[in-house]
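Me: I would like to learn how to read a model of this kind, one feature at a time. Please give the general idea before each case.

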Amino acid sequence: MHEAAATPAWVLLAYLVAGVCFILALRGLSNPESSRRGNRAGMIGMAIAVVTTLITHVPGGLAQCTPPYGCQSAWITDWETIAEIMGAILIGGGIGLVTARKIQMTAMPQLVAAFHSLVGMAAVLVGAAAFLNPEAFGITQLIPSGFLHLQGREAYGGVASIINPVSRVEMGLGVAIGAITFSGSVIAFLKLNGNMSGKPILLPLRHVINLATLAAILGLIAYFTMDQSPWVFFTVMGLSFAIGFLLIIPIGGADMPVVISMLNSYSGWAAAAMGFTLHNSAMIITGALVGSSGAILSYIMCRAMNRSFISVIAGGFGGATSSGDAAAIDRPYKRGSAEDAAFLMKQADQVIIVPGYGMAVSQAQHALKEMGDKLKAEGVRVKYAIHPVAGRMPGHMNVLLAEANVPYDEVFELEDINSEFAQTDVAFVIGANDVTNPAAKTDKSSPIYGMPVLDVEKARTVLFVKRSMGGVGYAGVDNELFYRDNTMMLLADAKKMVEEIVKSLG
């Protein structure tokens with residue numbers, strides 16, 4: 001039973017309107033100034049899609065009699081089921097509301113990874129339900145049982161009901177992508193949350209194992225079109241869970257922002273595949289938008305990090321060995337105070353602030369905004385430089401600065417501001433380690449070699465806020481910028497240091 005033949009025109013129109021809302025949401029989210037409007041558009045689109053789906057599945061709402069399949073009742077058959085669904089929506093929505101209100105911005109990357117895992121598992125569960133009860137999903141066909149190996153299914157009157165071969169492909173792909181998304185997102189969550197080492201975990205012959213597993217999955221999906229035995233379906237599912245794990249564990253912490261966007265893309269494609277199984281155009285549209293936008297974002301970030309997009313998909317770009325091995329180098333450095341920093345910035349014509357994960361950990365964005373306002377009152381030009389992968393997920397720093405009401409026209413991306421550091425008096429780096437490390441340009445043994453970084457070392461003076469000299473960035477390498485002649489280390493909690501600088505500015 002295909003939606004185009006069974007669904008009223010107004011339903012298709014409602015799904016189209018929802019799709020337009022999702023497109024407007026993506027457009028709005030592309031810019032901090034319009035992000036709230038984009039969020040509202042996405043919420044409206046999702047509400048339209050959910051309500052339309054529920055309305056079209058009330059008792060008798062979509063009952064169809066389509067030869068030669070006979071009469072097939074709608075997906076939802078009674079009000080008790082509707083009540084269960086509404087209860088599930090309220091429970092899930094309540095959990096989401098509480099989580100959104102209580103989650104710290106520093107934990108946002110872990111939350112996103114957890115959300116991706118839920119989307120992946122939802123796709124797996126829908127696929128399993130469709131396999132175990134295909135008649136309820138309208139994906140069966142009748143063929144003469146004399147020409148069919150029944151594979152455990154019952155036949156009546158010389159005919160047998162089987163799952164459409166096309167639906168089996170959709171189901172197999174949806175379950176495979178969903179399982180990969182789930183297990184991969186779980187590993188990403190554990191790495192981001194500190195439950196698992198952020199270093200690459202390199203298995204022997206990992207590329208051979210990954211390729212063999214992927215080939216087995218694709219081969220079994222092809223075989224599934226000829227044999228719908230349970231062992232085929234559940235073997236595809238099990239291998240997909242395994243390959244999701246295998247693809248993510250070799251990836252180091254420095255590359256985790258790309259992993260987040262990549263898993264976002266996977267979750268979208270899983271939803272789209274399940275949309276075909278459910279014959280739901282809203283899911284197809286939404287999944288395709290999420291999948292394609294996530295893939296584009298992953299590609300953009302790969303370019304920003306000088307990584308290969310193909311190697312991202314293959315899970316093989318995290319295998320470099322850290323030259324720093326999470327240990328700082330014992331070298332002389334200059335240490336300064338809040339008073340020193342305030343004096344230098346007061347005398348400057350331009351200060352470029354470079355925020356990183358250290359700012360997020362200490363929640364220093366509001367104090368940083370106050371410091372910027374004080375400097376502007378002294379006649380100093382203040383700008384903010386954002387690296388595409390600063391923090392633990394795309395846009396992490398932009399969200400924090402927006403939360404502190406930093407003007408959007410003061411925030412610049414790497415390619416727009418990098419040329420200005422050479423003419424800048426002070427570069428104020430607050431917890432941004434890997435994205436300011438000059439070793440990315442010179443040290444071929446470094447795991448971040450080739451990654452475009454912010455040229456803060458070209459500023460006349462670099463003020464680097466860091467808790468201590470004993471820690472390193474998420475890539476596990478020391479930053480040679482700490483030991484440059486023009487660098488002054490400000491060793492303290494980032495928020496406390498910035499608050500002391502504000503006091504010194506008067």
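Me: Which residue forms a salt bridge with Lys441, and how far apart are the closest N and O atoms?

Reply: Side chains of opposite charge can pair when their charged atoms come close. A salt bridge here is a side-chain nitrogen of Lys or Arg within 4 Å of a carboxyl oxygen of Asp or Glu. The partner of Lys441 is Glu457, with the closest N and O atoms 2.5 Å apart. This pair links distant parts of the chain, 16 residues apart: Lys441 lies in helix H18 (residues 439–442), and Glu457 in the loop between H18 and strand E10 (461–466). Helices (H or I, at least four residues) and strands (E, at least two) are DSSP runs, numbered from the N terminus.

Me: What kind of model is this, and how are residues numbered?

Reply: It is a predicted model, in which local features need pLDDT of at least 70 and side-chain atom pairs count only at pLDDT 80 or more, while totals for chains, interfaces and linings use all residues. Residues are numbered from 1 along each chain as its sequence is written, and side-chain values use heavy atoms, with hydrogens and water left out.

Me: Is Glu457 buried or exposed?

Reply: Buried means under 20% relative accessible area, exposed means over 50%, and partly exposed is in between (1.4 Å probe, protein chains only). Glu457 counts as buried because its relative accessibility is 14%. Lys441, at 36%, counts as partly exposed. Of the 506 residues of the protein chain, 49% count as buried.

Me: How many salt bridges does a search of the whole structure find?

Reply: The search finds 10. One of the pairs is Glu480 with Arg484, at 2.8 Å from N to O. Glu480 is partly exposed at 26%, and Arg484 is partly exposed at 31%. Elsewhere, salt bridges that share partners join Lys369, Asp373, Lys376 and Glu410 into one network. Within that group, Lys376 pairs with Asp373, the closest N and O atoms being 3.6 Å apart.

Me: Why are Lys376 and Asp373 separated by about one helical turn?

Reply: Because they are three residues apart in helix H15. Both ends of the pair are partly exposed: Lys376 has a relative accessible area of 31%, and Asp373 is at 30%.

Me: What span should H15 have, and what does the model give?

Reply: The expected span of a helix is 1.5 Å times one less than its number of residues. H15 has 13 residues (365–377), so it should span 18 Å; its end C-alpha atoms are 18 Å apart, which agrees. Just after H15, Gly379 takes a positive phi of about 90°.

Me: How do the axes of H15 and H19 cross?

Reply: Axes are lines fitted to C-alpha atoms, for helices over the stretch in contact, and angles run from 0 to 180 degrees between N-to-C directions. The axes of H15 and helix H19 (residues 494–505) come within 9 Å and cross at roughly 25°. That makes the two helices roughly parallel, since angles under 35 degrees count as roughly parallel, over 145 as roughly antiparallel, 65 to 115 as roughly perpendicular and the rest as oblique.

Me: Which residues of H15 meet H19?

Reply: Contact means heavy atoms within 4.5 Å. On H15 they are Ala367, Leu368, Glu370, Met371, Lys374 and Leu375, which meet Val498, Glu499, Ile501, Val502 and Leu505 in H19. The buried residues of H15 include Ala367, Leu368, Met371 and Leu375.
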